[in-house]
Amino acid sequence: MPTIVIASPKGGAGKSTTAIVLATELAHAGARVTLLDCDPNRSLSLWAGRAAVPHRIEVLSDIGEAEIVRTIKRHDQDGQIVIVDLEGVASRLVSRAISQADLVITPMRATTLDATVGVRALQLIQEEEEALDRRIPHAVVFTMTKAIRSKQHSGIEASLRDQGVALLEPPLMERAAFSALFEFGGDLRNMPPQGNMDAAIRNAEDFARAVYARMTEDA
Amino acid sequence: MTSKPFSVDLGRLRSREKDHSAAAVERAERAGEELGFVDRAPGRRRGRKPSPRTGQVHAKVLPHVATEIAGEARRRGVQQGVILEEAWALYKAAEEAEK
């Protein structure tokens, strides 16, 4: 089953939120998901400790550089989707995880700083494609976006498209419910109402659909 | 947005063939290192580990004494520190006797 690696050397880009939103929506849609928490900040483990982990999701914590390849290999074969949440630094752990990916998602806030640092992940993917002689599908998702799109957002998006970078639509908007996942644990459907829950669930589900479409397009 | 409930067809999800070999991982690492994706794992502590019984690194003695202490500890099934503690107790007892 596919391994999805969430990678950006930029901290605070929304990697862990993206991983949890994607995992919970895929699990809700019937998939078994293994989440690998490779971030020393243990964001996924924090989420998993807040409430019962949703049905069909398993979280493995403290996966380091030494274990990442064999852990992915072990779970890549038993009918589960593996989602790897990486630390927000440029490390060898990131290189190793990407070498085992079927899809790399780079979350990016629509700011120049996030785009500049986030692009380093895209460069790494290109280098690894060459080194490993295989295509590594990848895409960027904008995170924490606002209802009204800024000029900066439009400019960064146009620049990425010009460079042939795939963008996942819809972006993950800035929503109280997404941040509250780390307060209440579980998934969006089981937490106390936070803002416009219907819109948050729709946003999360449409994002997961887009990822699923990308995973299955070459299958 | 679509009104049809989102459902995952596991049969359509396929993992691509990937090279898990050490050589492939090393090639990926080398590609990463050139872009600054380097080893940032916390360094391992060098040298002998402290004793789990006392939390201390063993005292150093001459090699032939170390061999004899290790042999005696092995024969009795105790830690080497126990032999040293007993020797220290004997030394203190002898000191007391001399007073």
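In the predicted model, the contact between the two chains draws 41 residues from chain A and 28 residues from chain B. On the side of chain A that touches chain B, helices α3 (68-75), α4 (92-99), α5 and α8 (197-216) each supply at least two residues. The largest share of this side comes from α8(A), which provides eight residues. Sorted by class, the side of chain A that touches chain B comprises 18 nonpolar, ten polar and 13 charged residues.

The secondary structure of chain A amounts to eight helices and seven strands. The radius of gyration of chain A is 16 Å, close to the 17 Å given by the globule rule for 219 residues, so chain A is as compact as a globular protein of that length. The C-alpha trace of chain A spans about 45 × 45 × 35 Å along its principal axes. Of the 219 residues in chain A, 51% are buried. Among contacts in chain A between residues at least 6 apart in sequence, 78% join residues at least 24 apart.

Chain B presents another organisation. Its secondary structure consists of three helices and zero strands, and its elements follow the order α-α-α from the N terminus. The radius of gyration of chain B is 30 Å, whereas a compact globule of 99 residues would have a value near 13 Å. Along the principal axes, the C-alpha trace of chain B spans about 95 × 40 × 25 Å. Buried residues account for 6% of the 99 residues in chain B. Helix α3 of chain B (residues 80-98) contains 19 residues and reaches 28 Å from its first C-alpha to its last, close to the 27 Å expected at 1.5 Å a residue. This helix, α3(B), is hardly covered, as the count of buried residues among its 19 residues is zero.

Within chain A, strand β4 (residues 81-85) is largely enclosed by the rest of the structure, because five of its five residues are buried. Both faces of β4(A) are covered: A:Ile81, A:Ile83 and A:Asp85 are buried on one side, and A:Val82 and A:Val84 are buried on the other. Two strands are described here as partners of β4(A). Strand β1 of chain A (residues 3-6) pairs with β4(A) in the parallel sense over four bridges, and A:Ile4 stands opposite A:Ile83 in β4(A). Strand β2 of chain A (residues 33-37) also pairs with β4(A) in the parallel sense, over five bridges. In this second pairing, A:Leu35 stands opposite A:Ile83.

Strand β6 of chain A (residues 138-145) is mostly covered, with six of its eight residues buried. Strand β5 of chain A (residues 103-109) and β6(A) are paired in the parallel sense over six bridges. The chain passes from β5(A) through helix α5 (residues 112-132) of chain A to β6(A), and this β-α-β crossover is right-handed. Across the pairing of these strands, A:Arg109 stands opposite A:Thr143 in β6(A). Strand β6(A) is also joined by two bridges to strand β7 of chain A (residues 172-173), and these two strands run parallel. Here A:Thr145 stands opposite A:Met173 in β7(A).

A:Ile148 is located in the loop between β6 and α6 of chain A. A:Ser154 belongs to helix α6 (residues 151-162) of chain A. A:Ser154 has 11 other C-beta atoms within 10 Å and is likewise exposed. From C-alpha to C-alpha, A:Ser154 and A:Ala110 are 8.4 Å apart in space, while in sequence they are 44 residues apart.

Note on methods
Residues are numbered from 1 along each chain as its sequence is written. Chains are lettered from A and ligands numbered from 1 in the order in which they are written. This is a predicted model: local features need pLDDT of at least 70, side-chain atom pairs count only at pLDDT 80 or more; totals for chains, interfaces and linings use all residues. A residue is buried if 20 or more other C-beta atoms lie within 10 Å of its own, exposed if 12 or fewer, and partly exposed in between; C-beta atoms are placed from the backbone. Two strands pair if DSSP finds at least two bridges between them. A crossover is right-handed if, with the strands pointing away from the viewer, the path from the first strand over the helix to the second runs clockwise. Two residues are in contact if their C-beta atoms, placed from the backbone, lie within 7 Å. Ala, Val, Leu, Ile, Met, Phe, Trp, Tyr, Cys and Pro count as nonpolar, Asp, Glu, Lys and Arg as charged, and the others, Gly among them, as polar. The radius of gyration is taken over C-alpha atoms; the globule rule is 2.2 Å times the number of residues to the power 0.38. The expected span of a helix is 1.5 Å times one less than its number of residues.
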